[in-house]
Structures are given as C-alpha cells and as structure tokens.
Amino acid sequence: MSAVFDEKIHTTLADGKLQLAIYTATGRLIEKRRKAITPEGCPDYQELRTHANAVKRHTIEHLDYYLEEFARNVESHGGKVAFCKDAEEVADFVLRLAKERGATLIVKSKSMTTEEVDLNERLEHHHLESVETDLGEYIIQLAHERPYHIVAPALHKTREQVADLLTDRLGVPRETVIEKQTMIARAVLREKFLSADIGISGANFLVADSGAVVLVENEGNARLTTSAPKIHIAVAGIEKMIPRAQDLGVFLKLLGRSATGQPLTVYTSFLSGPRRGDEIDGPDEFYVVLLDNGRTKVLADREKRESLYCIRCGACLNHCPVYRKIGGHSFPWVYSGPIGAILTPQFLGVNHEPGLPFASSLCGACAEVCPVKIDIPKILLELRSEVKEAEQRQGANRLERIAFRIWAWVMRHPRVYELAGMAAASLAPTRDDGGWVRSVTSAIRPAPLRAWLSQRDLPPSPPKSFRQMWRER
Amino acid sequence: MSREHVLHKVRTALGRSAGQPVEPPPPVHLSIAETRIEARIESFCARIEALAGTTHRAESPDDARNYVARVLNGRNAVASNAALLRQCGIPALAGVESGITGRARLRALCSTAACGITGADYALADTGTLVMLASVQEARMISLLPPVHIAIVERDRLLTGLDELLSILPRPAEQTSSMVLITGPSRTADIEQILVRGVHGPGEIHVVVV
C-alpha cells in the first residue's frame, strides 16, 4: 500500500463529521434501493439481473459488431461518430470543433467518462469555459475536487461548506438553506445554458440498433445540455453499448432502482442525431465520442472482461463496508468503491496502487447488489494475485514471501505448529481483565508485524489450546 | 481519427475478424400486464401525485381548458402545437402564446414564461410517466424551461408501462431525434440528500387526463 493511500484512509477515518456524512448518505441509498426491489416494487428483479447480465455478456463478446452498427445508425440520422483511443484524443476532438465553430462556452452534464479523461482541465487549459451543470458536480467543480461517489458526487459536502463555496466563488451573500442554495445554482446555470455554444454529456447507454444515446437524470440539466446549445457531443466508453432499444426495458428498471431506488428517474432522454427537418428545437450538430482509454486492454482479459458490464449505478459503493469507512477520495482514481477497486488496476496497471485490491473484506455485498451481476470479489482475488506476481518479478516484498514459506512449513509439521501456538500464546499481549486487546501497537517489535497488528484486535489467549483439550477429553 | 485503430484493438481482444457475423442476442425481455383502462388511469394519477405532481381527470375538452385556466391563474404560458391542445381550446386562453415554429422565438418565450403547456404522445401508468417525442407539434423546451409544466394526455394514450411503450415503439429513432420520458417534477438531492424540486427543469407538474 502506498503512503498516500494509507494517509488518505487515516485522514478520512479521523474525521468524525465526514464519517457521519458518508454513513448517513450511503445508508439512505441502501434503504431506498431495498424498498424499490421488494417483490411488490419489482416482482421480477432477479430475473431482470440475470437477463441484463446475459445481454451485457453478449454485447461485450461481440462489441466490434455493435460498435459498427451503432456508428452506421448515428450517421444515418445525420450525426457523427469519433473513435478516440485516449484522453488526449477526446480533448483534441472537442478543441478542434470548438475552434472551428468559434465556441467559447461549454455546458456539461454529469459524466464519469469525462472525469476519467480530465476533460474540464484540458479544455480550461486552452481557455474554454467548461461548466458542470449537475448540482453535485457544480459544487465539486467550484471546490476543485473529484466526485466523491459515482452517483452522488458531493455526498461529503455539508450545507455549511456549500455556503462557503458559493460565497467564495460566486460572491453571493452567505446562504445555508439548501433550497435557496439550489436556486442560486439554478439561476447561475440557467444563464450558462442559454448562452452556451456546446453541450457535452456522457451516456448511460448507447443503443446499437438506433444509433441513440440514452441519458438518465433527475435535475433536467442533461436535457438542457443536450438541447439548448447548437452542438451536442456525447462522450461515452465503448462498453456502454446495448444491442436494441427494447433492451432498455431491462436496463432502465435496474439502473434507477439500484442507484437511487427510483423505478424510473425523472428524465430519461433517448437521443438520436441532430434535430430533424421540422422539429422546432434541439441541436444542429450531434457527435458521439467513443472512448477506448484502456477498455480494449480489459476486453482482452477473458477472466476479468465482465468488469465492462458495469452500468455505474453506485450500489456497490453504498453497500461496501470499506467504502463506507474510507470514503470516495481515499481511492486513487475517479472510480471509487468496489467497482473502482477493480477498474483502476485494470485501466492504470496494478502498480498504480498495489494496495487497492487488498482494501476489501471480500464480504461479497458488491456482487450481491450488482444489477448486472459482476463477480467483483472474484476479480479482486485475480488482481491480488497479479499484484503478488508483479512483486515477485520485481523481487519486492521478500519478507512476506519468506514469512509465508515459514508459515507453510509450520502448517505441515503438527508438532512445530503446536509449539509455535504455545509460544505465540505466551508472547501475546494480555489485559488484566482478560478482555480483547485493541490495536496492538507498542509492544510488538518487527515493523511489518506491528503494521499488521495495529489494524486488528487480539482476543485473549485461552488457557488451553484445542489440542490440549482434545488430549484431556 | 482512431476508428480503425480502436475497432482493430476490439477485434484482437475478442479474437474476432472484421465483418464476422454474430449469433442472435438473448431474446427481448418485455412483460406487459393486461390492465383495464380505469385501473391504468388510477395508477397513473396516483404515481404522479406521489411525486408531488397534481392530476385532473377531465370529462371533456372544455373541462380540461377550464382546469388549465385555473392552474394558470392569470400567469403567462407557452403552449405547444399539439392538435389536442387546439381541440381543448388552450391557445384561446388569455396569456397563452402558441403556434410557434421558430427556435429563437420559442426559446425567448420559454425562458420568460411562467408555464409550459404540452400534450404527451404516451403516458405510462405504472410509473406516472409522460412520453414526449420531439416534432413540429412538440418542442423540447416547453416542458423544460418554464418553472411549471402542464400536460394534457388523451386517455387512450395511457399504456401500462415502459415495456408496452417499447413494444409499440421498438425503434423510437425512426420517428424522432428526441424521445424524453418525464416522471414527476425536476428534483435533486445533491446537498445532504435533502430533496429540492425545480432545480433545472419545472418544479411543478400538472397533468390532465382527457
């Protein structure tokens, strides 16, 4: 585990207010989802999951076919498709278009994919104003931070912090009433919508048989982003594909329920191309940017390919006992929680943060709530062994290897094992009242052992071992 | 651009060759329950009200117009070009602008109007959803920019739910560049999970079933 990861985790754990904020918000989301998937609320919930998994598997296994079909259909409706291999190509595409059209102001609706490629920073570097319009994303942008959660980006911010941000960045009088804060943002962003040259959205789904981009939201900012400016650019990872518009019957029902407990979100937009002949409004130009940025690397790995089934509902974050303690910003990349723990090493390499696949109790809650049934614990285990293989190649962490060899040897020799048990029992720290020893620290000398024990509580050593009791029975 | 480059990497990763056919995808999973029209209307209205919208079951086009007039209560509005609105006499109401076909004028009106009045191509009973297809009759902005959205739906347009919509409209892109499903007023809970309505879209929604 890197020092940065370790430090971020401890900072989060030490912040009582933040702990409460994360716990409350994720707890509410858990509760909302639970109510939405009851037999009354969604009788065929498990069937839908199985079906969604089958459709995603099929699409990912034949992705080249569906990408071509999608591109053909976008073009037949007068839109254009740009394939980009990395972050730089996405930024170049937007910059070139902005330059050709003389655009200066861009409005954006929430998109994890554009976070992934740092699009705002890249555009601002070239003096384009790029404004986030989802309320949570807007707050995060004002604070110059990364989203804390895939679905609720400002989950960690309190109304007081938002009040300070609005006053500091917009020069408005301090306002701590959430309704009024929201209306301040509405007024500022409404002006932006009406004067923006380009709207950039993400995509929840790409529909191959229609050449359509599907966007799911509650605020209306995605609708405004995609229909007020004259140019709409949707930026999406290639894995967002589904074969048919009719598959939305399965995916929309799962996405809203898993993310926020809604049978359908307030707005679902199904967009295919620029406005047509007699339509009164809508964009004149429609572009879909299809991004690789490491996805084909994941695709090549048969065992872990299913990581690409993810529909970004955030349910695995809410249900993860680790995420609920260490929060979103402890994670080393834009994707946090269990899905982040499997995507980050695959996109950026296991060495980016070797501790990441180990930051899990493997409890399996993530797999249980995943609407497309990604086996996250299995993939975490695969990644752990990749981290260890890499360490072995680099000759790193020799001490651990030696320790495990000794452990294996001891386990194969019953007498030695028993002696080791007795030695450990006599050496282990105890408490006078016979209770558990919490956070063993000072007494233990070897540094690696101390680090390991500092995170664990030790039960009192029993007076007799199991073997002794067995002999005396 | 990187089109061929990316497609090549995808094919290599999957061990497929260019133009290789695919086996058919898993069958479409749509389940449509048979529900009587009365039950559909009841469910539709209940769902909208649960989302803090208001509903009115109009007995006649005149009744619909009178209801809309009461909601407007003297406020100005932009109405879409839907035939149903004309049949109900909405354009004749005081303070209502309609018959707009130019984008610039429509946007200017919508950004100052108190209310937007539209029809709906379909409605979904089990979720309380309005289905709007952009066309010369229905612009996108009328249900989006004004703080109040009033929609008039014909009762025979009420479907059981999303699955029935997708079976009637298997390819929405053949009809419009934009199909939007609207389920209740615009909302956010991005600050401390506190629900606030009307963040970007209309915070108030009134639906009339004729």
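This passage describes selected features of a predicted model, from the make-up of one chain to individual side chains.

Because the model is predicted, local features were considered at a pLDDT of at least 70 and side-chain atom pairs at pLDDT 80 or more, whereas totals for chains, interfaces and linings use all residues. Residues are numbered from 1 along each chain as its sequence is written, chains are lettered from A and ligands numbered from 1 in the order in which they are written, and side-chain values use heavy atoms, with hydrogens and water left out.

Chain B contains six helices and 12 strands, where helices (H or I, at least four residues) and strands (E, at least two) are DSSP runs numbered from the N terminus. The C-alpha trace of chain B spans about 65 × 45 × 40 Å along its principal axes. Of its 210 residues, 57% count as buried, the term buried denoting under 20% relative accessible area, exposed over 50% and partly exposed the range in between, with a 1.4 Å probe and protein chains only. Among contacts (heavy atoms within 4.5 Å) in chain B between residues at least 6 apart in sequence, 70% join residues at least 24 apart.

In chain A, the axes of helix α8 (residues 135-142) and helix α9 (residues 159-170) come within 10 Å and cross at roughly 65 degrees; axes here are lines fitted to C-alpha atoms, for helices over the stretch in contact, and angles run from 0 to 180 degrees between N-to-C directions. Y138(A), I139(A) and L142(A) of α8(A) meet V162(A), L165(A), L166(A), R169(A) and L170(A) of α9(A). The residues of this contact divide into seven nonpolar, no polar and one charged, with Ala, Val, Leu, Ile, Met, Phe, Trp, Tyr, Cys and Pro taken as nonpolar, Asp, Glu, Lys and Arg as charged, and the others, Gly among them, as polar.

Over all chains, seven aromatic pairs were counted, a pair being rings of Phe, Tyr and Trp (its six-membered ring) with centres within 6.5 Å, and planes under 30 degrees apart counting as stacked, over 60 as edge-to-face and the rest as tilted. F93(A) and Y287(A) form an edge-to-face pair, at 5.7 Å centre to centre and 70 degrees between the planes. F93(A) lies in helix α5 (residues 87-101) and Y287(A) in strand β10 (residues 285-291) of chain A, so the pair ties together parts that are 194 residues apart in sequence. F93(A) is buried at 11% relative accessibility, and Y287(A) is buried at 7%. Ring pairs also link W333(A), Y335(A) and F347(A) into a cluster.

The charged end of R473(A) sits over the ring of W470(A), 4.3 Å from its centre, a charge being over a ring if NZ of Lys or CZ of Arg is within 6 Å of the ring centre and within 35 degrees of the ring normal. In chain B, the charged end of R157(B) sits over the ring of Y122(B), 5.2 Å from its centre.

Most residues other than glycine have a negative phi. D118(A), however, has a positive phi of about 50 degrees; D118(A) is placed in the loop between α6 (112-116) and α7 (119-125) and is partly exposed, with a relative accessible area of 30%. R312(A) has a positive phi near 60 degrees, lies in the loop between α13 (295-299) and α14 (315-319), and is buried at 11%.
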